[in-house]
Amino acid sequence: MVPAATEIVTALGAADSLVGVSHECVLAPGLAPRPRVTASALGMSEAPDEINAQVAAMSREGTPLFTLLAAEIAALQPDVIITQGLCDVCAVSEQDVRALASRLATPPRVVSIAGSTLDDVFNDIRTIASTLDLHADAERLIASLRARMKRVHEVLSAARAPRPRVAVLEWTDPPFAAGHWVPEMVYRAGGTDVLAVAGQHSRQVSWDSLADASPAIVLIAPCGYRVDRASREGRHLIDRDPWLEGRTVWALDARDLVSQPGPRLVDGIETMAAIFNPDLFDSPAASSAVQLM
């Protein structure tokens with residue numbers, strides 16, 4: 001029911017167990033298509049301010065942002081449904097999933113992930129692995145992720161690299177500072193987040209407060225956007241907001257590197273490290289990050 005769960009199941013080597021995925025899930029190359037069992041009421045092709053207005057209006061009216069396709073789910077007869085309990089704007093609500101599961105002829109086990117820090121994400125990997133009886137696979141995966149983060153730390157430490165001041169925008173109109181695991185990603189990549197605190201929710205900020213925070217580097221990473229769309233939004237900001245003049249601005253592939261609490265957050269840390277200290281790491285792929293100024 002959530003892209004991070006599909007990513008975790010795949011990373012654990014259990015992609016063949018997937019019988020259905022959400023409308024937002026991205027399957028690994030080579031995997032056959034799976035039935036989509038959710039739908040969105042949001043027009044995600046619209047401008048950020050219009051999407052934000054939709055979300056606000058639907059929340060006021062009590063209209064669900066996402067729909068569970070009950071008939072399709074029932075036909076798939078899942079043994080396990082993996083959902084999330086962190087954000088009702090990002091995916092279907094845990095409450096709706098549990099209600100649907102209880103109505104199925106053979107109620108499946110419902111597993112919910114809700115990690116808000118990197119350690120939480122690793123524990124979510126363990127939770128899913130435990131449900132699928134893949135304990136050893138989870139420990140190998142987590143060990144490899146921690147080893148990659150350690151390599152970044154060792155390079156930064158050996159070079160006594162300075163920590164640049166960084167702002168990460170999870171949305172651009174209105175501006176939101178990325179929270180949850182993102183400030184920790186910034187820190188592990190060698191930066192200091194000037195807007196948010198690890199583990200806390202993302203929050204709306206004013207442009208004045210963002211300018212007053214004096215970030216040297218601004219990362220444009222709207223939730224769920226690929227790098228090309230993040231780049232377009234970043235260029236709009238540069239054209240509109242003179243305070244960005246003189247700062248380093250990058251657009252990130254938020255969908256793959258930042259938004260989803262799964263294994264690829266470590267890819268995001270490595271990408272950020274290359275942005276913060278380009279003399280110490282290889283340049284990020286253009287499919288992951290693009291420098292705008």
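Mentor: Here's a walk from the pocket to a helix beside it and on to the nonpolar cores. Keep in mind that this is a predicted model.

Let's start with the pocket itself. The second largest pocket has a volume of about 420 Å³, and 19 residues line it. Nearest its centre you'll find Ser17, Leu18, Val19, Pro78 and Val80. As for the make-up of that lining, 14 residues are nonpolar, 4 are polar and 1 is charged. Three elements each put in at least two lining residues: α1 (3–11), α3 (70–76) and β3 (80–84).

Now look at helix α1, where Thr6 has its place. Thr6 counts as buried because its relative accessibility is 4%, and the cut-off for buried is under 20%. Setting aside neighbours within four places in sequence, Thr6 is in contact with Leu18, Val21, Cys25, Val26 and Leu27. Leu18 turns up here again, having been one of the residues nearest the pocket centre.

On to the cores. The largest nonpolar core has 53 residues, and Leu12, Ile125, Leu219, Met272 and Phe276 touch the most other members. Helix α11 (residues 265–276) gives the most to this core, with 8 residues. Take Leu219: beyond its neighbours within four places in sequence, its contacts are Val166, Ala167, Val168, Leu169, Trp250, Leu252, Met272, Ile275 and Phe276. Apart from this core lies another one, of 17 residues, including Ile220, Leu237, Trp243 and Ala251.

Technical notes:
Residues are numbered from 1 along each chain as its sequence is written. This is a predicted model: local features need pLDDT of at least 70, side-chain atom pairs count only at pLDDT 80 or more; totals for chains, interfaces and linings use all residues. Side-chain values use heavy atoms; hydrogens and water are left out. On a 1 Å grid over the protein atoms alone, a cavity is a set of points where a 1.4 Å probe fits but cannot get out, and a pocket is an open set with protein on both sides within 12 Å along at least five of seven lines; lining residues have an atom within 4 Å of a point. Grid points are joined across faces, edges and corners, and a volume is the space filled by probe spheres set on the points. Helices (H or I, at least four residues) and strands (E, at least two) are DSSP runs, numbered from the N terminus. Ala, Val, Leu, Ile, Met, Phe, Trp, Tyr, Cys and Pro count as nonpolar, Asp, Glu, Lys and Arg as charged, and the others, Gly among them, as polar. A nonpolar core is a set of buried Ala, Val, Leu, Ile, Met, Phe, Trp, Tyr and Cys residues joined through side-chain atoms within 4.5 Å. Buried means under 20% relative accessible area, exposed over 50%, partly exposed in between (1.4 Å probe, protein chains only). Contact means heavy atoms within 4.5 Å.
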